[in-house]
Amino acid sequence: MMVTKADPEKKRKKSQVPFRLNVLFLVVFFLFSVLILRLGVLQIVNGEEKRLESEAVEEVIARKEAPRGKLLDSNFREVVGNEPFFSLTYTKTVDTKAKDTMRIAEWLADRLGVTEDQIKKITERDKKDYFISKQDVTKMIEERLSKKEKKLSDKDQYIALVNKITEEEINSLTDKDIKILAYKRAMDTGYAYSAQRIKTNLNNEEVSVISENLGDLPGVDIMADSERIYPYGRSAIFGAVKQIPKSRMDYFMTRGYDRSDQVGISGLEIQYEQVLRGTKEKSVYLTNPKTGETIGEPKTIAGQRGKDIVLTLDMELQFQLERILEEEILKAKPLPGNDLLNSAYIVMMNPKTGEIKGIAGKKYEDGKFTNQEYGALFNSYEMGSTVKGATVLAGLHEKVISRGSIIHDKPFQIAGGKPKSSWKNMGFIDDLDALRMSSNVYMFNIMDRMIGPEHWTETYDEARYMFSQFGLGVETGIDFPDEATGYRGTPIEGQSGTLYDLGIGQFDTYTTLQLVQYVSTIANGGYRVKPQLVREIREPGDTSENGGKLLKRFEPEILNRLEMSEEHIERVQQGFWQVMHTQGGTAKSYFDDEEKYHNPAGKTGTAQRILKHPRTGQIVEKHNLTLVGYAPFENPEIAFAVVVPEGTPQGNFQKINKYIGQRALEAYWKLKDKYGENAATVTGNLEKDSEEDSAE
């Protein structure tokens with residue numbers, strides 16, 4: 001057997017393989033050890049911190065306004081709606097740079113027009129800032145600032161630089177610069193993640209150009225927008241919508257609004273702001289709170305138009321009331337002494353529910369009429385004899401008179417003063433006669449008998465408390481942002497004459513709205529009902545189908561019940577009926593027509609005013625003419641109050657309140673009975689005169 005000698009070279013190579021493997025394994029082991037150690041440090045020592053960093057994604061929400069809800073009248077006719085249009089918006093993020101907005105502003109200025117309104121908003125400071133942005137700021141600081149100014153903070157350096165920009169340099173800005181500035185200014189005034197309108201009412205060409213380039217315009221978007229429209233004309237009752245006023249910014253910001261939002265600032269728009277306000281479209285951005293970088297594309301959540309409110313007003317009746325006031329003012333104004341007759345008011349209300357069916361006011365000035373329906377809530381006057389129902393009820397309740405009490409109507413002598421009398425001496429009359437013929441003396445006796453043993457001045461408080469139960473001299477509670485309560489006259493020590501004037505409506509002042517609440521309280525048997533302008537809240541819907549889903553219906557709200565007994569209230573109701581139907585009644589010849597007026601009851605009023613003529617300076621006598629009423633007498637469904645201030649005390653002017661009341665009642669019944677869109681005109685007979693016209 002032959003033995004072969006091993007090759008030393010092969011043997012050497014074989015021995016090197018295990019060595020290399022061992023080295024490799026050692027290196028791998030070392031690397032794994034380092035990796036495991038590092039993972040241990042990350043997980044055990046810094047694990048929580050790193051986990052929070054990896055999860056550090058913050059949601060930031062940008063919102064876009066949705067259209068407001070509509071206002072519909074009681075027949076679901078749109079009285080305040082929205083006119084759609086498109087707006088150009090810009091939404092900044094926290095990582096938006098000045099160069100980004102400048103680039104986009106230049107792009108927009110090259111392709112879109114600029115409105116006069118955009119130009120007007122540019123200030124001198126805006127122009128100075130823009131001029132500086134186009135220069136080498138470092139070089140400007142070096143050349144223009146003094147050594148002392150160069151030592152200031154960056155902010156103060158910039159302010160110093162702004163102050164050194166000359167008018168000549170501002171005027172050097174070109175038309176193109178101004179266009180760019182108009183857009184840049186609008187973009188810079190917005191807040192991060194708040195969609196800022198930079199141009200409204202885009203035309204179709206502008207929408208098309210922007211839509212095609214949205215991918216190259218980060219932050220720019222086209223938003224479906226709207227503005228308020230008024231198919232039946234504007235009204236102070238409806239209110240107005242504008243951008244949040246600075247004075248109320250904190251209020252709205254704490255309630256989730258953005259600074260650029262449109263809000264109701266008056267009338268029903270602000271009263272029902274939370275209802276009419278739409279649900280905004282939301283764009284949810286994911287951002288890194290440390291770097292401020294936006295992660296990915298935003299997620300959009302659709303918005304919704306605000307809820308609709310259905311008013312108690314009937315716009316057809318409203319229009320007719322406005323026309324009636326205008327026509328009757330024009331008829332009365334040319335008559336002698338009516339140079340100060342410029343306005344009239346009327347409110348019609350359901351006395352059981354408080355629903356206001358019509359509220360109109362007109363002012364004639366410089367040869368034209370303007371709507372002044374808010375005057376029915378805010379303008380207060382001495383209302384005269386219309387308040388005598390409250391005086392009689394106060395007397396019955398306080399037992400200073402009883403039903404059927406007889407008083408001799410003759411001049412009433414006041415200690416230390418001139419006699420006070422009715423419009424004529426009526427002889428011996430009872431409480432019904434006093435209301436029917438409007439006796440002042442009867443009311444003077446009631447007030448005189450109410451004076452307690454302590455002092456006559458306390459009777460003012462007692463009488464005003466009684467009157468307040470009807471809504472006279474206090475807030476009516478109407479669903480409106482504000483209302484006037486009238487003026488309380490100040491008693492003069494030692495003079496009791498004004499106490500008697502209070503009893504005939506010639507001392508304190510009241511509004512037309514208070515007057516209609518007062519007569520409604522008598523009409524419905526003693527319940528003071530809250531006046532309401534809004535009947536329902538509904539989901540957004542098609543007005544032709546009576547609106548959207550009903551969400552809430554406002555039920556009648558009783559504010560208080562008269563302390564007076566039912567028998568006493570019925571007594572005054574009977575007196576009011578006699579005013580319009582019995583011989584000697586101050587309104588009989590105007591309302592004693594069952595077919596036209598549906599058996600109404602009510603009370604006329606005349607309040608004498610002695611004032612200084614605003615043009616001549618002469619002391620003149622003027623009268624406020626008023627009228628309250630309701631119908632039908634047995635089961636009232638409509639109450640009304642008419643106020644015509646500052647007319648002549650003679651002649652045909654004394655009929656204007658009755659003419660307005662006639663025509664208003666007839667218009668209401670004709671609309672209710674569906675006799676036609678326009679009620680027949682009732683003008684009365686100017687030639688006819690009667691003793692009722694000179695009453696009170």
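The points below comment on a predicted model of one protein chain.

1. Basis. The model is predicted, with local features requiring pLDDT of at least 70 and side-chain atom pairs counted only at pLDDT 80 or more, while totals for chains, interfaces and linings use all residues. Residues are numbered from 1 along each chain as its sequence is written, and side-chain values use heavy atoms, with hydrogens and water left out.

2. Overall composition. The protein chain contains 26 helices and 24 strands, taken as DSSP runs numbered from the N terminus (helices H or I, at least four residues; strands E, at least two). Of its 696 residues, 50% count as buried, that is, under 20% relative accessible area with a 1.4 Å probe and protein chains only. Among contacts (heavy atoms within 4.5 Å) between residues at least 6 apart in sequence, 72% join residues at least 24 apart.

3. Strand S10. In S10 (residues 308–311), Asp-308 and Val-310 point one way and Ile-309 and Leu-311 the other way; all are buried. In a regular strand, side chains alternate between the two faces of the sheet. Strands pair here if DSSP finds at least two bridges between them. S10 pairs with S2 (residues 71–72) in the parallel sense over two bridges, and Val-310 is the bridge partner of Leu-72. With S19 (residues 534–538), S10 pairs in the antiparallel sense over four bridges; there Leu-311 stands opposite Val-534.

4. Helix H15. The 18 residues of H15 (315–332) reach 26 Å from first C-alpha to last, close to the 26 Å expected at 1.5 Å a residue, the expected span being 1.5 Å times one less than the number of residues. Its buried residues include Leu-317, Leu-321, Ile-324, Leu-325 and Glu-328. Among the elements covering the buried residues of H15 are S3, S11 (343–349), S12 (356–365) and H26 (656–672).

5. Largest pocket. A pocket is an open set of points on a 1 Å grid over the protein atoms alone where a 1.4 Å probe fits, with protein on both sides within 12 Å along at least five of seven lines; lining residues have an atom within 4 Å of a point. The largest pocket holds about 1300 Å³ of space. Its lining has 43 residues, with Arg-197, Thr-200, Gln-243, Ser-260 and Gln-262 nearest the centre. S5 supplies the largest share, five residues. The lining divides into 14 nonpolar, eleven polar and 18 charged residues, where Asp, Glu, Lys and Arg count as charged.

How values were computed:
Points joined across faces, edges and corners; volume = space filled by probe spheres on them.
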